[in-house]
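Colleague: I am new to this structure. Please take me through it, with a close look at one part.

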Amino acid sequence: MRMQRPLIRSTWAAAGLAVLLTLSACGGSDEEAEKPQKLSETEYNKADVTFATEMIQHHAQAMAMVDLTMDRTLDPEVQELADAIRAAQSPEIETMSGWLLQWGEDVPATIRDHVNGGHEGHGDDGDSSMSDSMEGMDADMPGMMSADDMDALEKASDAEFQDMWLEMMVEHHEGAVEMSEIEQGEGRFKPAVDLAGTIIESQSTEIDTMEKLLG
């Protein structure tokens with residue numbers, strides 16, 4: 001019996017070590033599974049390209065909605081909000097366009113390319129200019145307005161315009177936040193992931209402001 005005790009102790013020690021190693025391995029797997037995508041200052045992936053390509057078009061539609069406020073009388077708070085959207089999103093479009101060119105990717109056409117290229121006034125000839133300008137655009141992104149939505153906003157009466165604009169912009173911003181959250185989870189290019197974070201923060205704040213303005 002004395003000869004067997006060291007063997008028993010060794011057997012239990014080995015079993016305990018095996019359990020510890022197994023638990024350690026399992027813990028490592030969980031940590032690895034939860035580990036976020038490693039970011040890079042230079043490397044990018046498909047998610048980054050998709051984010052830049054789609055957000056350029058998404059921002060451009062927001063800018064087109066801001067353009068429609070130019071001939072309208074707005075409450076000061078709404079005018080300030082429209083100016084802030086223009087100031088933030090125009091440079092972001094330029095930044096994302098630069099990334100796509102750097103990566104050898106196509107910079108997408110946007111609603112504002114068409115509007116600025118041949119639209120010299122809102123509905124002067126009665127044509128559906130916003131529908132024409134959205135031809136070929138990707139309207140399936142979260143929060144994107146349809147051609148009919150844009151036409152309705154453009155043709156809204158002064159009494160209807162401001163609330164309609166705010167309601168549409170809330171939905172549009174919510175879509176941008178959703179797209180940015182995807183980029184934060186899947187993107188590799190750190191500047192793009194950082195921009196997604198900026199969009200989430202700024203547009204979430206603007207959503208709160210617009211909802212308060214709508215009462």
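Predicted model: local features only at pLDDT ≥ 70, side-chain atom pairs only at ≥ 80, totals over all residues.

Modeller: Residues are numbered from 1 along each chain as its sequence is written, and side-chain values use heavy atoms, without hydrogens or water.

Buried means under 20% relative accessible area, exposed over 50% and partly exposed in between, with a 1.4 Å probe and protein chains only. The protein chain exposes about 12500 Å², an area from the Shrake-Rupley method with a 1.4 Å probe. Carbon and sulfur atoms supply 51% of that area.

The protein chain has eight helices and zero strands. Both are DSSP runs numbered from the N terminus: helices are H or I with at least four residues, strands E with at least two.

Now your part. Axes are lines fitted to C-alpha atoms, for helices over the stretch in contact; angles run from 0 to 180 degrees between N-to-C directions. The crossing of H6 past H7 is left-handed: the near helix is turned anticlockwise from the far one by less than a right angle.

Which residues touch? H6 brings Asp-149, Met-150, Ala-152 and Leu-153. H7 answers with Phe-161, Met-164, Trp-165 and Met-168. Contact means heavy atoms within 4.5 Å. By class, this contact has seven nonpolar residues, no polar ones and one charged. Nonpolar covers Ala, Val, Leu, Ile, Met, Phe, Trp, Tyr, Cys and Pro; charged covers Asp, Glu, Lys and Arg; the others, Gly among them, are polar.

Met-145 is buried, with a relative accessible area of 2%. Its C-alpha atom is 9.2 Å from that of Met-169, 24 residues apart along the chain.

Another pair is H3 (residues 76–102) and H8 (residues 190–214). Their axes come within 12 Å and cross at roughly 165°. H3 is thus roughly antiparallel to H8, and passes H8 in a left-handed crossing.

Terms used:
Parallel < 35°, antiparallel > 145°, perpendicular 65-115°, else oblique.
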